[in-house]
Amino acid sequence: MEDGTSFVYTNTYGGDWAMDPKQPFAPGGKAQSWSPRVGQDTWVWGTDVIKGVNLGGWLVTEPFIVPALYEEYINSSKIQVIDEWTLSIAMGSDLASKMEDHYKTFITEEDFAEIAAAGLNWVRIPIGFWAIEAINDEPFLVGTSWKYFLKAIEWARKYGIRIYLDLHALPGSQNGWNHSGKTGSVNFMNGVMGIANAQRTLTYLRIITEFISQPEYRDVVPIFGIVNEILWATIGQQSIQSYYMEAYQTIRNSTGVGSGNGPYVAIHEGFQGVRLFLAGADRLALDQHPYLAFEGDTTDTGWAIATNQSQKAFGVTLGGEFSAAINNCGLWLNGIGSSPSGCEVWDNWAAYTPATTASLLDVTLATMDALQNFFFWTWKIGNSTVLGTSSSPMWHYRLGLQQGWVPKDPRDAAGHCASVLGSSQIFDGNFPSTATGGVSVCIVSAGAGTINPVQSASHTFPPATISPSFSGTQVALLPTYTPTGSLKTLAVPTFTAAPSASVGTGWVNPGDNDPAYVPISGCPYPDPWNAVNASLPTSICAGP
């Protein structure tokens with residue numbers, strides 16, 4: 001590996017690695033005998049099935065996943081450290097070195113080898129908008145996480161793994177939770193700066209889409225998630241669907257429509273359950289995050305039936321996050337300072353009885369079977385310097401693999417629900433053709449990218465109302481950004497052994513040259529991260 005250490009790659013599922021330093025974009029590895037080789041074989045939806053895991057806590061940190069990173073500053077900092085925003089401030093002049101050391105060590109090439117060897121063929125990688133830029137007083141380390149995402153692409157290609165890239169943290173915060181970058185209020189499509197934060201995000205979506213749509217990278221990164229766990233109850237259906245429509249059109253205007261033109265676009269269902277939306281959209285995927293830990297009922301979920309129905313009516317439906325957890329136990333799982341009672345027996349994974357392990361394995365297998373195309377949250381949980389071990393064991397795939405509550409072979413999940421319940425509604429593998437970039441022969445749909453006109457007309461951006469209470473002429477008074485800024489491009493990799501290799505420019509479509517959304521010069525703006533209760537302007541500011 002880059003640090004001079006080595007490891008033995010053992011894959012008992014017929015997988016191999018492939019990497020030629022002089023041809024960095026040659027076909028890559030094959031994760032298992034049943035998974036298509038990256039860069040050579042096409043992923044066929046309905047035949048190939050995602051068996052994936054998240055790389056949570058890596059490029060977007062979370063206290064419960066990387067407690068040691070936070071523990072160093074919790075009691076020594078003058079500010080209360082609760083999220084990456086406050087952690088970045090607390091790190092001060094050490095931010096660049098400390099955060100890069102985390103990126104460098106928490107996930108390495110060996111993890112990708114272990115993931116393939118565990119029978120998994122995809123990873124979902126959360127990333128924050130600060131991979132591109134930060135403005136005003138946003139304290140995040142800018143750009144370095146992208147350097148490590150490029151390494152992830154290289155490692156994924158080598159071991160035959162595909163990547164679902166998820167924009168996990170959006171300007172202003174889409175849910176107010178620590179994994180959005182900043183704990184607190186929701187200022188994305190909500191409050192006085194809600195529209196401006198969404199406009200800024202639209203520019204970031206274009207920048208990322210243009211990069212991963214380049215021929216050098218598109219086989220490795222076929223799915224792009226445009227928001228993680230948007231808070232439906234706060235933002236509201238109309239505003240969320242308005243953003244989804246605008247984001248989808250923004251991306252497809254950059255890539256064109258139809259198979260091979262840009263990534264699949266994944267939208268989160270806001271914990272509302274799977275549902276039909278934007279019928280006829282080109283390669284629009286629906287992402288659900290069902291967690292028993294927060295459901296309060298572990299007896300009957302109906303996830304398999306809902307997923308099958310969604311795949312038949314909507315299209316590609318993903319289980320972007322789930323875990324083996326049946327409760328909310330775990331160090332800081334609910335945020336720093338949270339400590340549910342009665343969790344000692346669940347946190348002490350080394351003392352699990354065979355019966356407990358077997359029961360948790362049942363949970364894992366049943367959920368994998370129900371969701372079908374799944375991503376467990378998360379691959380690893382770092383050790384706590386206080387506990388001396390890892391907490392939140394039911395969220396720790398690697399540990400569960402070693403201890404027995406995660407299957408050695410994820411294919412064992414197939415048919416698990418039927419074996420327990422006696423029956424199971426099975427998806428036949430036939431998606432709507434528009435959902436996979438094809439051309440529909442149905443009269444009601446002209447083909448990929450032809451959205452139902454009724455839905456198109458009802459999801460205009462910005463929406464007619466914005467939470468918490470803006471409507472009518474008030475919406476027009478909300479601060480907005482202007483599309484007059486210079487576009488940024490994401491950095492491309494360099495290869496010492498192949499200095500003349502074509503690595504792309506970071507921008508695949510030269511015709512996509514509309515300027516970036518930026519603040520209007522001379523206009524006052526409230527704090528974009530704390531503007532829910534800011535005063536509504538009395539007039540539109542168009543600048544000097």
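A helix axis here is a line fitted to C-alpha atoms over the stretch in contact, and angles between axes run from 0 to 180 degrees between N-to-C directions. Keep that in mind for a pair of helices below. The model is predicted.

Start with the whole chain. The protein chain holds 15 helices and 12 strands. Its radius of gyration is 23 Å, close to the 24 Å that the globule rule gives for 544 residues, so the chain is as compact as a globular protein of that length. Along the principal axes, its C-alpha atoms fill a box of roughly 70 × 65 × 55 Å. Of the 544 residues, 57% are buried. Take the contacts between residues at least 6 apart in sequence: 75% of them join residues at least 24 apart.

Now look at two helices. Two packed helices are described by the angle between their axes and the distance between the axes. Helix α2 covers residues 84-91, and helix α3 covers residues 95-106. Their axes come within 8 Å and cross at roughly 125°. The two helices are therefore oblique to each other. On the α2 side, E84, L87, S88 and M91 make the contact.

Next comes an annotated stretch. An unreviewed UniProt entry lists residues 101-254 as "domain: Glycoside hydrolase family". That span is 47% helix and 12% strand, and its end C-alpha atoms lie 35 Å apart.

K158 sits in helix α5, residues 144-159. Its relative accessible area is 13%, under the 20% cut-off, so K158 counts as buried. Beyond its neighbours within four places in sequence, K158 contacts D16, W17, A18, M19, G28, G29 and E109.

Technical notes
Residues numbered from 1 in each chain as written. Predicted model: local features only at pLDDT ≥ 70, side-chain atom pairs only at ≥ 80, totals over all residues. Heavy atoms only, no water. Helix = DSSP H or I, 4+ residues; strand = E, 2+ residues; numbered from the N terminus. Buried < 20%, exposed > 50% of the residue type's maximum accessible area, 1.4 Å probe, protein only. Contact = heavy atoms within 4.5 Å. UniProt positions renumbered as here; feature names shortened; annotations may be inferred. Parallel < 35°, antiparallel > 145°, perpendicular 65-115°, else oblique. Rg over C-alpha atoms; globule rule 2.2 N^0.38 Å.
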